[in-house]
Amino acid sequence: MSAPVPDPGRPENTSRPYGGVPPEETPPGESSTGSGAGPYRPLTRGWGKGPLVLICLVAVLCALFFLAYAVMLNI
(Lines give C-alpha, C1' and ligand atoms only; values in the text may rest on other atoms or scores of the structure.)
Protein backbone atom coordinates (compact mmCIF):
# COMPACT_ATOMS: atom_id res chain seq x y z
CA MET A 1 0.00 0.00 0.00
CA SER A 2 1.35 3.44 -0.90
CA ALA A 3 1.52 6.50 1.31
CA PRO A 4 -1.39 8.95 1.11
CA VAL A 5 -0.97 11.89 -1.25
CA PRO A 6 -0.72 15.19 0.66
CA ASP A 7 -3.49 17.70 0.03
CA PRO A 8 -1.99 20.72 -1.79
CA GLY A 9 -4.79 22.96 -0.54
CA ARG A 10 -3.84 22.62 3.11
CA PRO A 11 -1.53 25.36 4.45
CA GLU A 12 0.89 22.97 6.12
CA ASN A 13 1.56 21.25 2.76
CA THR A 14 2.59 24.41 0.90
CA SER A 15 5.12 27.15 1.29
CA ARG A 16 2.41 29.81 0.82
CA PRO A 17 0.28 31.06 3.69
CA TYR A 18 -3.43 30.20 3.56
CA GLY A 19 -3.25 27.55 0.84
CA GLY A 20 -1.49 26.77 -2.40
CA VAL A 21 -2.96 29.35 -4.82
CA PRO A 22 -1.14 32.66 -5.11
CA PRO A 23 -3.35 35.79 -5.07
CA GLU A 24 -2.58 36.70 -8.69
CA GLU A 25 -4.02 33.36 -9.90
CA THR A 26 -7.31 33.75 -8.05
CA PRO A 27 -10.01 35.70 -9.92
CA PRO A 28 -11.60 38.63 -8.11
CA GLY A 29 -14.80 37.82 -6.28
CA GLU A 30 -17.10 40.00 -8.38
CA SER A 31 -15.55 39.57 -11.82
CA SER A 32 -17.98 36.89 -12.98
CA THR A 33 -21.12 38.91 -12.34
CA GLY A 34 -22.36 41.00 -15.23
CA SER A 35 -24.03 44.35 -15.13
CA GLY A 36 -27.30 43.05 -16.57
CA ALA A 37 -29.26 39.89 -17.15
CA GLY A 38 -29.20 40.10 -20.93
CA PRO A 39 -30.38 42.30 -23.76
CA TYR A 40 -33.36 44.57 -23.16
CA ARG A 41 -36.66 43.22 -24.43
CA PRO A 42 -39.82 45.32 -24.09
CA LEU A 43 -42.74 43.81 -22.20
CA THR A 44 -45.43 42.01 -24.14
CA ARG A 45 -49.17 42.28 -23.56
CA GLY A 46 -49.35 39.19 -21.41
CA TRP A 47 -51.85 36.35 -21.48
CA GLY A 48 -54.66 36.20 -24.00
CA LYS A 49 -58.24 36.32 -22.81
CA GLY A 50 -58.98 32.74 -23.89
CA PRO A 51 -56.59 30.90 -21.54
CA LEU A 52 -57.48 33.23 -18.67
CA VAL A 53 -61.22 32.59 -19.09
CA LEU A 54 -60.59 28.84 -19.34
CA ILE A 55 -58.59 28.79 -16.10
CA CYS A 56 -61.27 30.81 -14.29
CA LEU A 57 -63.99 28.51 -15.61
CA VAL A 58 -62.16 25.39 -14.39
CA ALA A 59 -61.63 27.00 -10.97
CA VAL A 60 -65.34 27.87 -10.66
CA LEU A 61 -66.38 24.36 -11.72
CA CYS A 62 -64.04 22.79 -9.13
CA ALA A 63 -65.40 25.08 -6.42
CA LEU A 64 -69.00 24.18 -7.36
CA PHE A 65 -68.16 20.47 -7.32
CA PHE A 66 -66.69 20.62 -3.83
CA LEU A 67 -69.57 22.79 -2.60
CA ALA A 68 -72.10 20.27 -3.92
CA TYR A 69 -70.09 17.41 -2.36
CA ALA A 70 -70.09 19.15 1.02
CA VAL A 71 -73.86 19.69 0.80
CA MET A 72 -74.39 16.02 -0.09
CA LEU A 73 -72.37 14.90 2.94
CA ASN A 74 -74.48 17.00 5.34
CA ILE A 75 -77.83 15.63 4.16
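Q: Is Phe 65 buried or exposed?
A: In this predicted model, Phe 65 is exposed, with a relative accessible area of 52%.

Q: And what about Phe 66, buried or exposed?
A: Phe 66 is exposed as well, at a relative accessible area of 53%.

Q: How many aromatic pairs are there?
A: The count comes to two aromatic pairs. In one of them, the ring centres of Phe 65 and Phe 66 are 5.2 Å apart.

Q: What kind of pair do Phe 65 and Phe 66 make, and why?
A: The pair is edge-to-face, because the planes of the two rings stand at 70 degrees and an angle over 60 degrees counts as edge-to-face.

Q: What about the rings of Phe 65 and Tyr 69?
A: Their centres lie 6.3 Å apart and their planes are at 15 degrees, so this pair is stacked.

Q: Where do Phe 65 and Tyr 69 lie in the fold?
A: Both belong to helix α1, which covers residues 49-74. They are four residues apart, about one turn of the helix.

Q: How exposed is Tyr 69?
A: Tyr 69 is partly exposed, with a relative accessible area of 49%.

Q: Which residues do the ring pairs link into a cluster?
A: The cluster consists of Phe 65, Phe 66 and Tyr 69.

Q: Changing topic: which residues form the nonpolar patch on the surface?
A: The patch is formed by Leu 54, Leu 57, Val 58, Val 60, Leu 61, Leu 64, Leu 67, Val 71 and Ile 75. Together they have about 910 Å² of accessible area.

Q: Where does Leu 54 lie, and is it buried or exposed?
A: Leu 54 lies in helix α1 and is exposed, at a relative accessible area of 52%.

Q: On to the cysteines: how many disulfides are there?
A: The count comes to zero disulfides.

Q: How exposed are Cys 56 and Cys 62?
A: Cys 56 is partly exposed, with a relative accessible area of 46%. Cys 62 is also partly exposed, with a value of 39%.

Q: How many helices and strands does the protein chain have?
A: The protein chain has one helix and zero strands.

Q: What share of the residues counts as buried?
A: Of the 75 residues of the protein chain, 3% count as buried.

Q: And what is the accessible surface of the protein chain?
A: The accessible surface comes to about 7,600 Å², and 67% of that belongs to carbon and sulfur atoms.

Definitions and conventions: Residues numbered from 1 in each chain as written. Predicted model: local features only at pLDDT ≥ 70, side-chain atom pairs only at ≥ 80, totals over all residues. Heavy atoms only, no water. Phe/Tyr/Trp six-rings, centres within 6.5 Å; stacked < 30°, edge-to-face > 60°. Buried < 20%, exposed > 50% of the residue type's maximum accessible area, 1.4 Å probe, protein only. Helix = DSSP H or I, 4+ residues; strand = E, 2+ residues; numbered from the N terminus. Patch = residues over 30% accessible without salt bridge, like charges linked within 9 Å, V, L, I, M, F, W, Y side chains within 5 Å. Areas by Shrake-Rupley, 256 points an atom, 1.4 Å probe, with all protein chains shown as cover. Salt bridge = Lys/Arg side-chain N within 4 Å of Asp/Glu carboxyl O. Disulfide = S-S within 2.5 Å.
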